[in-house]
Amino acid sequence: MSSLDSRYGRSSDRSGRVPGWVPVAVVLAVLGLTWLTWVAWSASREPVSARLTGYEVVSSRQVDVRLEVFRRGGEAVRCEVYAQAEDHSIVGSREVRLPAGRTGTTVVTTTVTTERPPVNGVLRGCELSGAR
């Protein structure tokens, strides 16, 4: 044992002990990965999902909104989009309906008529038409 080890109380006997925080870290990592897997799996099971792929302000009273809507089954879908003014107030909205049809991704472009000049288009959400 060196003089520094004896001075600071360090022992050269490290009999293979694992620090107490290691098992706790392993348990937390396993729980975290389990939760993450469950969240990813449940999100992937949604019957319909959508995302805004773009918008174009056409005039002082219209904005075109582009969506990609993914349907797991061929159910009818209802989406709501809206336009915002510069002050973030909603100046127009529209419901977009996709009739029952093919599964997979459908690209939709719709025009929202506004009461004041719009600055953007926003997707509020989509759901199956029968869902409320």
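Which residue is the bridge partner of Y82 in β4? In this predicted model, where local features need pLDDT of at least 70, side-chain atom pairs count only at pLDDT 80 or more, and totals for chains, interfaces and linings use all residues, that partner is S93. Residues are numbered from 1 along each chain as its sequence is written, and side-chain values use heavy atoms, with hydrogens and water left out.

The pairing of Y82 with S93 in β4 opens the way to the strands. Helices (H or I, at least four residues) and strands (E, at least two) are DSSP runs, numbered from the N terminus. Two strands are said to pair if DSSP finds at least two bridges between them. Strands of a sheet pair through backbone hydrogen bonds, either parallel or antiparallel. Strands β3 and β4 run antiparallel and are joined by eight bridges. A83 stands opposite G92 in β4. Together β3 and β4 make a hairpin with five residues between them, and in the turn H88 has a positive phi of about 75°.

Three strands in the order β4-β3-β6 make up an open sheet with antiparallel pairing. Its edge strands are β4 and β6, each of which pairs on one side only. On average, neighbouring strands of this sheet are turned by 20° against each other, direction ignored; here axes are lines fitted to C-alpha atoms, for helices over the stretch in contact, and angles run from 0 to 180 degrees between N-to-C directions.

A further open sheet of three strands has the order β1-β2-β5, and its pairing is antiparallel. The edges are taken by β1 and β5 (104-113), each pairing on one side only. Neighbouring strands in this sheet are turned by 20° against each other on average, direction ignored. Between β2 and β5, which run antiparallel, there are ten bridges. L67 stands opposite V108 in β5.

Next come the links between cysteines. A disulfide is a pair of cysteine sulfur atoms within 2.5 Å, and a search of the whole structure finds one. The partners are C79 and C126, with sulfur atoms 2.0 Å apart. They connect distant parts of the chain, since C79 lies in strand β3 and C126 in strand β6 (residues 120-128), 47 residues apart. The torsion about the S-S bond of C79 and C126 is about 110°, so the disulfide is right-handed. How well covered is C79? Residues count as buried under 20% relative accessible area, exposed over 50%, and partly exposed in between (1.4 Å probe, protein chains only). C79, at 1% relative accessibility, is buried.

Side chains of opposite charge can pair when their charged atoms come close. A salt bridge is a side-chain nitrogen of Lys or Arg within 4 Å of a carboxyl oxygen of Asp or Glu, and by this rule the count comes to six. One of them joins the side chains of R51 and E68 (3.2 Å, N to O). R51 sits in strand β1 (residues 48-59) and E68 in strand β2 (residues 62-71), so this pair links distant parts of the chain, 17 residues apart. E68 is partly exposed, with a relative accessible area of 26%.

R78 and E95 also form a salt bridge, with their closest N and O atoms 3.1 Å apart. This pair, too, links distant parts of the chain: R78 is in strand β3 (residues 77-84) and E95 in strand β4 (residues 90-98), 17 residues apart. R78 is buried at 12% relative accessibility, whereas E95 is partly exposed at 37%. E95 forms a salt bridge with R97 as well, the closest N and O atoms being 2.9 Å apart. R78, E95, R97 and E127 are linked in a network of salt bridges.

Finally, the surface carries a nonpolar patch. Patches are made of residues with over 30% relative accessible area and no salt bridge; like charges are joined within 9 Å, and nonpolar side chains (Val, Leu, Ile, Met, Phe, Trp, Tyr) within 5 Å. Here the members are L33, W35, L36, W38 and W41, with about 670 Å² of accessible area together. Accessible areas come from the Shrake-Rupley method with a 1.4 Å probe, and for residues only the protein chains shown count as cover. W35 is found in helix α2 (residues 21-44) and is exposed, with a relative accessible area of 54%.
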